[in-house]
Amino acid sequence: MKIARDQRMTVLTAVLPLLIGTSAVSLEKWQTAGDARLLSRQGERLTLSAKEAATAGMLSPARSASPGSDAVLASADVSDAAAGAITFSVHTASGETIGYWQNPTNISRGRAHAVMQVDKPVGPLRVFVGTHRKPSSATLENVRWEAVRRGMSFNGSMYGAIVHGSNLEAQSFKARGKKLVAVRVLIRRLKENDGPDLRVRIFRKTPDADPYPTEQAVAEATVPRERIPQADRPREEITIALAADTVPGTTYVVEFSPSAPCEKDNGFLLWGGIGTYPGGCRYQNGSAVKDWDLHLEAYDAM
Ligand SMILES: [Ca+2]
């Protein structure tokens, strides 16, 4: 995505001193990018209406990424977006695109979150929200973004684990930061519409507790079924936002279960592999499966 040089310079001088942190910047201070005729802004709400493939959206003021961050978490309340209608992207001050996301599924209504990994950011970053090379009719509201840091990470797509009414899947991990804000997983729904939503809970695991205690979740999220890609879609992680205060070095468990009882055919498929992640392991119905890890990344606030 190319940003006109004159626009870039205008914004960079207007936002000095650069903001650091997660403070929300009103869309009023964002700048139109692409074809301005295809979008309208009313307060914090942005409406996209591109009948043909087009690029149109808004670009945030530049903000210095916190030292040590290696990803950006962007989010917005989204309505009536077909798959691919919403693009979030991350740019350097010189306009280079270093992070990119399009919604992999329809979003009828709800908050969309995306973690975009970036190489160690140098200098201030800007975030684009809008549509990129797609037809789009959607609304976005209350857009936020923050620099985050990846903690736990295990990449495995060798084996599948099915989450259903009588099979809960979980993965333990060592917290790196003080506030977990999101996890990313490789997951698919096994039937398009027929089945429950996905419940994700985080538990603190005491060292001698096996199975892990499940009385009190430190964070919980429900992901609508429509937001989990179907089995035939390309493999791409989805971001699940959570807000858990964590103690660095302490072990936690992220657990995946259906929001209501369901048969195996109506469940979800999670990917994993041989457990080379040293800080934890997969749990199946609360029992450790020590030679396995689930494909998982955890992200902390800066
Ligand atoms: Ca392991």
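Colleague: In the hairpin of β7 and β8, which residue takes a positive phi?

Modeller: This is a predicted model, in which local features need pLDDT of at least 70 and side-chain atom pairs count only at pLDDT 80 or more, while totals for chains, interfaces and linings use all residues. Residues are numbered from 1 along each chain as its sequence is written. The hairpin has 4 residues between the strands, and the one with a positive phi, near 100°, is Gly 95.

Colleague: Over how many bridges do β7 and strand β8 pair?

Modeller: Strands (E, at least two residues) are DSSP runs numbered from the N terminus, and two of them pair if DSSP finds at least two bridges between them. Thr 87 stands opposite Gln 102 in β8. The pairing of β7 with β8 (residues 97–102) is antiparallel, and its bridges number 5.

Colleague: Which residue in β10 stands opposite Thr 92?

Modeller: β7 and β10 run antiparallel and are joined by 6 bridges. Within β10, the residue opposite Thr 92 is Leu 125.

Colleague: How many of the 6 residues of strand β7 are buried?

Modeller: A residue is buried if 20 or more other C-beta atoms, placed from the backbone, lie within 10 Å of its own. Strand β7 (residues 87–92) is largely enclosed by the rest of the structure, because the buried residues number 5.

Colleague: Which are the edge strands of the open sheet formed by 6 strands?

Modeller: The order of this antiparallel sheet is β16-β15-β18-β12-β20-β21. Neighbouring strands are turned by 25° against each other on average, direction ignored, with axes fitted to C-alpha atoms and angles running from 0 to 180 degrees between N-to-C directions. Two strands, 219–223 and 287–289, each pair on one side only; these edge strands are β16 and β21.

Colleague: In β20, what is the bridge partner of Glu 169?

Modeller: Strand β12 (residues 169–174) and strand β20 (residues 282–284) run antiparallel and are joined by 3 bridges. The β20 partner of Glu 169 is Gln 284.

Colleague: What distance separates the centres of domain 1 and domain 2?

Modeller: The chain is divided into domain 1 (5–148) and domain 2 (155–301), with bounds from an automatic or database domain assignment. Taken over C-alpha atoms, the separation of the centres is 28 Å.

Colleague: Which strand gives the most to the side of domain 1 that touches domain 2?

Modeller: Contact requires C-beta atoms, placed from the backbone, within 7 Å; 14 residues of domain 1 are in contact with 15 residues of domain 2. β6 (71–81), β9 (107–117) and β10 (124–154) each supply at least two residues of this side of domain 1. The strand that gives the most, with 6 residues, is β9.

Terms used. Contact = placed C-beta atoms within 7 Å. Buried ≥ 20, exposed ≤ 12 C-beta atoms within 10 Å, placed from the backbone.
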